[in-house]
Amino acid sequence: MAVSRQDVLRRVGEASVLILISLAGGPKHGYALIQDIKELADVELGPGTLYGALDRLERLGLIEPLPAEDRRHPYRITAPGAAALRVHLDAVERVSAAGRLRLQLGGI
Amino acid sequence: MAQMARLVRASLRCYPARWRQRHGDEAAELAALLISDGKPAGSIAWSYLAGAAREWLTPRPGRRVSVVAGALRKWLTPPPGRRVSVVAGALLAAACLLGVSAGLLASAGPARAASTGKPSGHSQCRPGSPEPDPGMLSAPGLLPAPGRAHANIQEAGHGQSC
């Protein structure tokens, strides 16, 4: 399968990227996602924001729901989702490196 | 406690039926878990209200904007003998405004900060836009990527109001 190098996560918002990063560590349901994201990024996602982002990521085929456990639906990252996350993190890293370099050269 | 649960349930009813069928039960359980963790029910209900507004305002295949506007009008029209709908209508209108602003803010968040598209107007906003060029990250006099065209990130930063 050809992996797209286009950064499809550029426009999806911070919540979606954080959800993908969290799911990269394994499948999780809504509550576990909120807890994990709070721990890893110190960002407290509201439940409305969470479900909006989950819906969007699912429509883009970047995550998929697993069979429900009780009333909870765990989600997992798909192969295109992992590829998109890699491309996005590479892009963020490049910008971050350029920013640090400029700060260093500017003596700020 | 029952009043808090009622508040959250009311906010969940603001979502489209498709969404409620898909996430309704799970969202109610998540709200219960968050409330038991000490999160204020009001902020959970507010988050769901804003989410519902965003959900209605997001264009979906087969759902026209007029349908969305009709649904909003229906919500905002107080049924006879129910004063609470006035408050709910005002809340919903505020949530709609908040949802739009939140959506705009979210789309301009750090994910966009990684934008390294070419400085060709709005072309980088289209789904089929070309791969970002790492050479764009170099400023004049700063490490142009080997074998890449020299460009200025300030130029690339313009015209990104997509």
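**Entry 1: a loop residue.** I began with Lys39(B), which I found in the loop between helix 2 (17-36) and helix 3 (41-57) of chain B.

Entry 2: For chain B the average pLDDT is 63, and 36% of the residues score at least 70. Where in chain B is confidence lowest, and where is it highest? The lowest mean, 36, belongs to helix 7 (residues 153-157) of chain B, while the highest, 93, belongs to helix 3 of chain B. I also marked residues 104-162 of chain B, over which pLDDT stays under 50, although the model has 92 contacts beyond four places in sequence for them. Where pLDDT is low, the predicted coordinates should not be read in detail.

**Entry 3: the two chains in outline.** In chain A I listed 4 helices and 2 strands, and from the N terminus on they run α-α-α-β-β-α. Chain B has 7 helices and 0 strands, so its pattern along the sequence is simply α-α-α-α-α-α-α. Of the 108 residues of chain A, 39% count as buried, and of the 162 residues of chain B, 25% do. I then looked at contacts between residues at least 6 apart in sequence: in chain A, 52% of them join residues at least 24 apart, and in chain B the share for residues 24 or more positions apart is 46%.

**Entry 4: helix 3 of chain B.** I went back to the helix with the highest mean confidence in chain B and checked its length. At 1.5 Å a residue, its 17 residues should span 24 Å, and the end C-alpha atoms are 24 Å apart, which agrees. Helix 3 of chain B is mostly covered, since 12 of its 17 residues are buried, and I noted that the buried ones include Ile44(B), Tyr48(B), Leu49(B) and Trp56(B), but also Arg54(B) and Glu55(B).

**Entry 5: the largest nonpolar core.** Which residues touch the most other members of this core? Of its 42 residues, they are Ile19(A), Leu20(A), Leu54(A) and Tyr48(B). The elements that give two or more residues to the core include helix 1 (14-23), helix 2 (30-41) and helix 3 (47-59) of chain A, as well as helix 1 (2-12), helix 2 and helix 3 of chain B. Helix 3 of chain B provides the largest share, 8 residues. I looked up Tyr48(B) on its own and, leaving aside its neighbours within four places in sequence, found it in contact with Pro47(A) and Gly48(A) from chain A, and with Val8(B), Ser11(B), Leu12(B) and Ala27(B) from chain B.

Entry 6: Because 9 of its 10 residues are buried, helix 1 of chain A is largely enclosed by the rest of the structure; among the buried residues are Val17(A), Leu18(A), Ile19(A) and Leu20(A). Two packed helices are described by the angle between their axes and the distance between the axes. Helix 1 and helix 3 of chain A pack at an angle of about 75 degrees, with their axes 9 Å apart, which makes them roughly perpendicular. Here Ala15(A), Ser16(A), Ile19(A) and Leu20(A) meet residues of helix 3 of chain A, including Ala53(A) and Leu54(A). The axes of helix 1 and helix 2 of chain A come within 10 Å and cross at roughly 100 degrees, and these two helices are therefore roughly perpendicular to each other as well. In this pair, Leu18(A), Ile19(A) and Ser22(A) meet Leu33(A), Asp36(A), Ile37(A), Leu40(A) and Ala41(A).

Entry 7: Last I looked at Asp42(A), which has its place in the loop between helix 2 and helix 3 of chain A. Its phi is near 55 degrees, a positive value in a residue other than glycine. Asp42(A) counts as exposed, because it has 7 C-beta neighbours inside 10 Å.

Notes: Residues numbered from 1 in each chain as written. Chains lettered and ligands numbered in written order. Predicted model: local features only at pLDDT ≥ 70, side-chain atom pairs only at ≥ 80, totals over all residues. Buried ≥ 20, exposed ≤ 12 C-beta atoms within 10 Å, placed from the backbone. Contact = placed C-beta atoms within 7 Å. pLDDT = per-residue confidence, 0-100. Core = buried A, V, L, I, M, F, W, Y, C linked by C-beta atoms within 7 Å. Expected span 1.5 Å × (residues − 1). Axes fitted to C-alpha atoms, helices over the stretch in contact; angles between N-to-C directions. Parallel < 35°, antiparallel > 145°, perpendicular 65-115°, else oblique.
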